[in-house]
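Welcome! Take a moment to look over the sequence and the 3D view, and then we will walk through a few places together.

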Amino acid sequence: MTAEEYQSRFTEEDAVGWLAIDEQIERVYANQEPRHYAPPLHYIAGGTEPLDGISVYESKKQIDHFHFVSYGFSDLYYNPEQADAEFSKFGFELTFRLKKYSDDDNVTWACQLMQNLAKYVFNSGKWFEPYHFVPANGPIRLDYDTDIIAVAFVIDPELGEIDTPNGHIQFLQMVGLTSVEYEELRQNPITTETEKIIQRLELDTPLLITDLDRKTI
């Protein structure tokens, strides 16, 4: 798509990238209204949280779980300069699947985790790719007794990848890792080792749902 074609198709009022993300999500969660968490002040206006929003869906596939989707690592809005771009800004959005225990589950901590990862990306200019991994510098959830202390990234098994008018996006799913698993990767930080751990986890949870109570398998 050329810049001229882009301008003829969209207007400055169109959230071009955001709508493309929503269209992909709609294929999985048709007619479900998610919980949506947005910072009080957008980053571009001087806010401290880089992501413009995080939507949280509920899924009953495999086991009941929450499915988080970020908005902000990619170019969300009208931008003719992106018309012929290969990637949309950083080229990905984060997702996260978290085992649900009750309707009263606190999910805001996971949104803050996504925002913290966004701060790293926005400040460093470095991005995540499939089979990268990062430590959480402690338990992934601070107010919970959990051995999950790091996350690896994989292509979300349902959302996958999409081409948008602003460029390509990968939906990178965060997968919680235990202290033993993280130490394995820290000692041997190569893609094939991350793949091996992910393959082990998929045997028990094909959707790679993070369970805060999980121990190393």
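Let us begin with helix α4, whose buried residues are Glu-181, Tyr-182 and Leu-185. Looking down the axis of α4, you would find these buried residues within an arc of 100°, so they line one face of the helix. Keep in mind as you explore that this is a predicted model.

What do the buried residues of α4 pack against? Their partners are the strands β5 (133-135), β6 (148-155) and β8 (167-178), together with helix α5.

That last partner deserves a visit of its own. Helix α4 covers residues 179-187 and helix α5 covers residues 191-204; the two pack at an angle of about 155°, with their axes 9 Å apart. Angles over 145 degrees count as roughly antiparallel, and α4 and α5 are therefore roughly antiparallel to each other. The crossing of α4 past α5 is right-handed. On the α4 side, the contact is made by Glu-181, Glu-184 and Leu-185, while α5 brings Glu-193, Thr-194, Ile-197, Arg-200 and Leu-201. Sorted by class, this contact has four charged, three nonpolar and one polar residue.

Now let us move to another spot, Phe-90, which lies in strand β4 (residues 87-99). Leaving aside residues up to four places away in sequence, Phe-90 touches Phe-73, Val-121, Phe-122, Gly-125 and Trp-127.

Conventions
Residues are numbered from 1 along each chain as its sequence is written. This is a predicted model: local features need pLDDT of at least 70, side-chain atom pairs count only at pLDDT 80 or more; totals for chains, interfaces and linings use all residues. Side-chain values use heavy atoms; hydrogens and water are left out. Axes are lines fitted to C-alpha atoms, for helices over the stretch in contact, and angles run from 0 to 180 degrees between N-to-C directions. Helices (H or I, at least four residues) and strands (E, at least two) are DSSP runs, numbered from the N terminus. Angles under 35 degrees count as roughly parallel, over 145 as roughly antiparallel, 65 to 115 as roughly perpendicular and the rest as oblique. A crossing is left-handed if the near helix is turned anticlockwise from the far one by less than a right angle, and right-handed if clockwise. Contact means heavy atoms within 4.5 Å. Ala, Val, Leu, Ile, Met, Phe, Trp, Tyr, Cys and Pro count as nonpolar, Asp, Glu, Lys and Arg as charged, and the others, Gly among them, as polar. Buried means under 20% relative accessible area, exposed over 50%, partly exposed in between (1.4 Å probe, protein chains only). The arc is that of the directions from the helix axis to the C-beta atoms.
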